[in-house]
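Me: Could you walk me through this structure while I look at it? I'd like to start with the charged side chains and then go inside.

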Amino acid sequence: MSETNINFDEIIERRNTCSIKYDFGKQRGMPDGVLPLWVADMDFRVPGKVLSAIQERTAHGIFGYTEVGEEYFEALKGWMEKKHNWSIERKWLIKTPGVVYAIAMAIQAFTEEGDAVMIQQPVYYPFRETIESNRRKMIDNPLSLGEDGKYHMDLEDFERKAKEYNVKLFVLCSPHNPVGRVWSREELEKLGEICIRRNILVVSDEIHQDFVFHGKHIVFSSLSEELKNRTIICTSPSKTFNLAGLQISNILIANTQIRHRFKAQIVASGYSQLNTLGLTACEAAYRYGEEWHRQLMEYLRGNIEFVRNYLCEKIPQIKLIEAEGTYLVWLDFRELGLTEGEKRELIVNKAGLWLDAGTMFGEPGEGFERINVACPREILRQALKRLEAAV
């Protein structure tokens, strides 16, 4: 059931496939010819076994309302146990079309308009958008970049603001997008202690849990029985196996009362059965995708090393913030001394690149850019050459 010698160097044409990444630049204000390394999907084909499962399912030709049997849960359970040393129960599982949708459902279910919801910027921007669009008060506990080149949590600020604003819910990003931190057990335990003390419900976005290069991913609810009973864990195969367009996420809630309330909010939203092919792909990925994932991780390590070395040798003014996890690399442009407008001019119009500006992730992201390195190395080489010439 394994795959061998996967060619991640193959450049697969994605234009004219209705790809958000490649086909909608003009609609999003980008000039013609930009090289896109922004949105978090990969330029790699899914594992062969996943593709075969989808093809077998489509050959049937009927796509009615679909549910899954015990085999689906066993594939998910096996992956979580093997990769993350975390044992889950069948009753915990709620399937949703995406993690951001699940976060929105949690915000609606467990807070009221005007309530405070905490995040840690710079962070995945839909967190802020979802909080504000639901008319909740966004409270920022900004991460700080230390002299060690790593971002750190300010837990004193976290507890002070939790008390001052009576924070009801906290959205954790673990591993962190975009700064690439894989939080240590000690950091998470200290954070958890505050959440218990202040009676804060935690929604933990762990969608990047399978991309860890340094350290070890710790599932937040595995830290203690108390945290297990106040945490909503959000996972998905969409990043790991490049399945974002198939709309499938697995949300795991141990606490019965919280789970029932979360389910009720989904019912209120009008959503029920998921995408048939998403369910098929998810089960196949967790059942057969381990070897593909292993080779992918080796390739991504090589891509990060390539970016690091290229910047050091040819564009030393731009610093790479070491990626402990995720395939989204956080780049520090501040040494160039540019305004945000000048930085955009350099990257978009001079270099012809489409990255994600750091300010999208909140004010603490000013001076930074996020680049997606999950692409063939030749594309990365072209992008960095363009950037070098522009600088």
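Predicted model: local features only at pLDDT ≥ 70, side-chain atom pairs only at ≥ 80, totals over all residues.

Me: Which residue does Lys82 form a salt bridge with?

Reply: Lys82 pairs with Glu290, and the closest N and O atoms of the two are 2.9 Å apart. The pair links distant parts of the chain, since Lys82 sits in helix H3 and Glu290 in helix H11, 208 residues apart. Glu290 itself is partly exposed, with a relative accessible area of 31%.

Me: And Glu369 and Lys343, how far apart are their closest N and O atoms?

Reply: In that salt bridge the distance is 2.4 Å, and both Glu369 and Lys343 are buried. Glu369 belongs to strand S15 and Lys343 to helix H12, so their pairing ties together parts that are 26 residues apart in sequence.

Me: How many salt bridges does the structure hold?

Reply: There are 33 of them, and Arg14, Lys21, Asp41 and Asp43 are linked in a network of such bridges.

Me: OK, new topic: which residues touch the most other members of the largest nonpolar core?

Reply: That core has 103 residues, and those touching the most other members include Phe158, Phe220 and Tyr327. Helix H11 gives the most to this core, with 10 residues, and the core draws at least three residues from each of domain 1 and domain 2.

Me: What does Phe220 touch?

Reply: Leaving aside residues up to four places away in sequence, Phe220 touches several residues, among them Leu172, Leu188, Val202 and Ile233.

How values were computed
Residues numbered from 1 in each chain as written. Heavy atoms only, no water. Core = buried A, V, L, I, M, F, W, Y, C linked by side-chain atoms within 4.5 Å. Buried < 20%, exposed > 50% of the residue type's maximum accessible area, 1.4 Å probe, protein only. Helix = DSSP H or I, 4+ residues; strand = E, 2+ residues; numbered from the N terminus. Domains from an automatic or database assignment. Contact = heavy atoms within 4.5 Å. Salt bridge = Lys/Arg side-chain N within 4 Å of Asp/Glu carboxyl O.
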